[in-house]
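User: I would like a close look at the ligand site and its surroundings in this model.
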Amino acid sequence: MGELKGRDLLTLADLSPAELTELLDLATKLKSSEVAPMAQGRPPVLGLLFYKASTRTRLSFSVAIQHVGGSVIDMPLNATQVSRGEPIEDTARVLDRYLDVLAIRTFDQTDLQTFADNCEMPIINALTDLAHPCQVLADLQTVKENFGQLAGLTLTYVGDGNNMAHSLLLGCAMSGIHVRIAAPDGYQPLPEVVQQAKAIANGQSDVICTTDINAAIEGSNILYTDVWASMGQEDDAATRMPIFQPYQINRELMAIADKEAIVLHCLPAHRGEEITAEVMEGPQSRIWDEAENRLHAQKALLVSVLGLV
Ligand code: CP
Ligand code: NVA
């Protein structure tokens with residue numbers, strides 16, 4: 001994975017399809033191994049600059065870097081001078097002198113890009129309003145572990161056309177997975193991301209966006225959902241509730257999918273809203289494996305961008 005050394009991951013499109021496949025395979029290899037590649041010489045230091053809450057991403061990155069002999073510095077936004085108006089350009093140039101790799105969770109993708117433009121070290125998108133590429137690394141790893149392959153499967157994402165929908169569109173298109181997004185009118189994914197996914201798929205796999213949930217789920221191998229109101233949209237949650245109610249993953253919708261279908265959710269989940277407790281805890285759920293795989297997928301990413309493999 002030497003070719004990923006020093007590279008940023010701002011969206012999944014920063015990887016080639018072959019690099020994505022290699023990362024997923026490395027993640028699965030690291031998962032089944034008691035030993036991880038260890039940093040030689042000075043231990044690498046990972047910075048986490050998070051403008052939003054996080055459980056999985058913060059913890060899985062922190063554990064992953066420690067497994068490879070490095071350490072982590074957690075910087076919630078309000079503990080930094082960025083929260084008092086220090087320009088991102090200045091902050092980025094200073095952090096670049098201290099850290100070896102920086103994962104950022106923020107709102108605006110252009111802020112993430114500004115960090116990348118002002119840093120030599122790898123910058124990793126730990127979630128923006130546009131994209132959540134690290135989550136989709138773990139998602140695809142989970143799908144591959146379950147089905148033994150990716151190309152030719154069908155994944156249906158049900159719900160808001162948000163950061164998860166965007167990264168799934170790209171990740172599926174890069175992997176040859178047919179991807180269907182079922183979202184209400186007004187909540188479809190951004191057209192430019194859909195176009196980007198179609199260009200990547202290049203007619204080899206389907207990229208479909210619809211409001212018709214039943215048609216989208218029919219025969220699907222993977223059902224995926226996410227919260228109806230993302231971080232930063234809390235004030236809109238009550239408005240969204242009735243609009244999204246028909247888009248709940250429940251027993252009735254599961255019956256339309258392939259009978260071997262699995263269910264994924266990036267978490268955190270709202271039981272009784274986007275997914276029922278019965279489906280979340282049911283035999284087709286792979287949600288807990290998916291959450292575990294955040295650790296393995298991000299460890300694969302870290303050792304690759306740090307040049308440890
Ligand atoms: N799925 C995910 O990114 O979870 P956190 O918000 O807890 O990091
Ligand atoms: N779409 C959600 C994902 C959380 C992991 C959000 O942005 O809040």
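Analyst: The model is predicted, so local features need pLDDT of at least 70 and side-chain atom pairs count only at pLDDT 80 or more, while totals for chains, interfaces and linings use all residues. Residues are numbered from 1 along each chain as its sequence is written, and chains are lettered from A and ligands numbered from 1 in the order in which they are written.

Ligand 1 lies between domain 1 (2–131 + 294–305) and domain 2 (135–290), because both domains give residues to its shell. These bounds come from an automatic or database domain assignment. The shell consists of Ser54, Thr55, Arg56, Thr57, Leu127, Gln135, Cys266 and Leu267; a residue belongs to it if its C-beta atom, placed from the backbone, lies within 6 Å of the ligand. By class, three of the shell residues are nonpolar, four polar and one charged. Here Ala, Val, Leu, Ile, Met, Phe, Trp, Tyr, Cys and Pro count as nonpolar, Asp, Glu, Lys and Arg as charged, and the others, Gly among them, as polar.

Leu267, one of the shell residues, is joined to proline 268 by a cis peptide bond, with omega near 0°. Proline 268 is in the loop between β9 (262–265) and α11 (277–280). Helices (H or I, at least four residues) and strands (E, at least two) are DSSP runs, numbered from the N terminus.

The two domains also touch each other. Their C-alpha centres lie 25 Å apart, and 22 residues of domain 1 are in contact with 18 residues of domain 2. Contact means C-beta atoms, placed from the backbone, within 7 Å. On the side of domain 1 that touches domain 2, the elements giving two or more residues are α1 (17–31) and α12 (287–305). Of these, α1 gives the most, with six residues. That side of domain 1 has 14 nonpolar, four polar and four charged residues.

One further backbone feature can be noted: asparagine 202 has a positive phi of about 50° although it is not a glycine. Asparagine 202 lies in the loop between α7 (191–201) and β7 (207–210).
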